[in-house]
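Dear colleague,

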Amino acid sequence: MGLVEAEAVVKHFPITEGLLRRRVGEVRAVDGINLSIKEGATLALVGESGSGKTTLARVILRLLPPTSGRVTFDGCEITALDDGALRPVRQKMQIVFQNPASSLNPRRRVSEIIEEPLLIHRVGTSGERRRRVGELLERVELPSRDFMFRYPHALSGGQRQRVAIARALALSPRFIVLDEPTSALDVSVQAKIITLLRRLQRDMGLTYLVISHDLSLVRNVADVIAVMYLGKVVETAPVATLFSDPKHPYTRALLSTIPTVSDEESALIPEKIALGGEIPSPAHVPSGCSFHPRCYARIEGCDRVTPELVPVGQDHHARCILYDRAFGAPGLRGSGSRREEERPWSSRWALRR
Amino acid sequence: MSLMEPLLAIQDLGIHMLTYEGRARVINGVRLTIHKGETVALVGETGCGKSITAKAILGLLPPNAETVSGSIMFKGRDLLRLPEEDLHGIRGSQIAMIFQDPSTALNPVFTVGEQLTDVVLWQGARRATRGRRVTGAVRQRCLEILRLVRIPDPEGTLGRYPVELSGGMRQRVLIALALVGRPELLIADELGTALDVSVQDQILLEVRELVRTGGLSVLYITHNLGVARLVSDRIYVMYGGEIAEVAPAAEVFRRQLHPYSQGLLAAVPRLTGRMGEGIEGRIPDYVNPPPACRFEPRCPFRMEICSLNRPLLLEAEPGRWVACHFHGSREESG
């Protein structure tokens, strides 16, 4: 049982029209997701914009109520709690947003920004809180004397993100959502922030949910990866497995487009698969497998049947008719026969291309 | 490189910005050449002066910028000394720019067709001899260019507003706007980096194809080293308003000569599961930059000479240039 569990989580946003707010459709942002994050581990959600990564993270933190489904945190079902009962749980779950330039209040000093969660949850006396702020600044490697009384505009991008991390750590959480934590930063700064996040995780036993579109980064920070497409998880596996043996056609295509910086890496990614078109709007999800209009491995039936997430290896699941035994796929024969098992399908792919 | 005259040659470019803190020396002796049909990438981190260099080429510097030295030769003419009206004739029709953010670079209140037509007509007006503005021919040209950048349903797209298009389509329209004047040099500022990887990849490959078939020369401005490796022939690494290293793209990713390039490459997360620790310190203060080598305060290999003499950009190996004392370069005093 993981620290954080999502069961059949669905989040639909209604599309309304006219004066009476008549419901004319819905945006299926998150469409039936099961996830489990082990304590002390890092799960990464990857996918293109519009795939529902951020919405899912918000539902998990209950910043948004789900349309249906359950989220449990440390065995406690938080989707069933009212606001008052949620308060103590909220202390244990925090989020660091993408762009520190907009997530920090420009009119508050660094010390006030970091103190705010403590004030909201009425933790400690003012002296204790001040000591705690100093301690947190040390933790994120900002000398507290220099930075305590500055305003965000007087900080560099990397320093601002450190302040945002310090604020997230203020209430000693166990679980932190990192929503594109470094995408607004330069690579040399990104590397320093990632090093810090890793150290914090090791020292404090934190559990992370990382949202990112940068697959090379995810390769370095995650233990488990879930690839999302149009509100559904299409493949999930331990990080090494996903990169060495991607199963779902979408994952393969995504990996093949990673811009690499060395020949060594280029050898690790699949041969270039150019994906046509763009991710459709979640308001108009295609029938059957939602990836089928862009899929290069499409076969008869993909536009009609909706595949389930089926096991394709050790802790490895994919949502594709090619692996779904219910539709006549060979499934798994044994651990050693992975290559053989793949052959009939890959030859079919070759024909399609 | 060939002995042919380069299409674009920037020599000793120096630009100062007048700020409240004082005179910021943001571009300091930049040198860059682009040959015909060549794709060059200018890489570096935020604030290193990449975009300012691009803007200087097009004469689009902000009013507080002051060009203090150098020349930008384009087909035998110095763009820095050209009167504004002559620059008008060059912008768009000889040198075009694809701007960074596809969601803000298009005008939201005009349709794609209106924006494209504007450019076509304006260029027709510049080449005044064409005279009559045949709307049918203009429309044909617009459709042709939309097809070239692979926009599905070009007729329909002409009548759409930018908000009705996806990010990838908007980016394609921006490329169309840049290409419609048949430029010889294309400047692409962070092309595709605002898009998802699968769309970015499509766009980059398409532009590469257009470049190959059209004999275009391209200057890519990017902070993404993977993108630079994918698209370019030669790479200029920029740091603190100066060129740190110049090398063929294939070589610089195998071995970097400048300590900054080494640090930068080491910080990139790798698919092999390795990731460096980043570079200590931060970019120089341009009002009071380090007196000699601008990377010296952050450099792990710094020597005494590094804070005394500014290293010159010198050829360390055939085709590879580096501005670093570590490579035994001759130095310039002061």
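Predicted model: local features only at pLDDT ≥ 70, side-chain atom pairs only at ≥ 80, totals over all residues.

The domain assignment divides chain B into domain 1, which covers 8–94 together with 183–332, and domain 2, which covers 105–182. Taken over C-alpha atoms, the centres of domain 1 and domain 2 of chain B are 30 Å apart, and 13 residues of domain 1 of chain B are in contact with 13 residues of domain 2 of chain B. On the domain 1 side of that contact, helix H7 (residues 197–214) of chain B gives the most, with 5 residues, and by class this side holds 8 nonpolar, 4 polar and 1 charged residues.

Between the chains, 32 residues of chain A are in contact with 35 residues of chain B. Among the elements of chain A that give two or more residues to its side are helix H8 (187–204) and helix H11 (249–256), and the largest share, 7 residues, comes from H8(A). The residues on this side of chain A divide into 15 nonpolar, 10 polar and 7 charged.

A:Arg21 lies in the loop between strand E1 (4–17) and strand E2 (22–37) of chain A, and A:Arg21 counts as exposed because 9 other C-beta atoms lie within 10 Å, where the cut-off is 12 or fewer. B:Lys75 lies in the loop between strand E4 (65–74) and strand E5 (77–78) of chain B, and B:Lys75, with 15 C-beta neighbours inside 10 Å, counts as partly exposed.

With best wishes

Definitions and conventions:
Residues numbered from 1 in each chain as written. Chains lettered and ligands numbered in written order. Domains from an automatic or database assignment. Contact = placed C-beta atoms within 7 Å. Helix = DSSP H or I, 4+ residues; strand = E, 2+ residues; numbered from the N terminus. Nonpolar A, V, L, I, M, F, W, Y, C, P; charged D, E, K, R; others polar. Buried ≥ 20, exposed ≤ 12 C-beta atoms within 10 Å, placed from the backbone.
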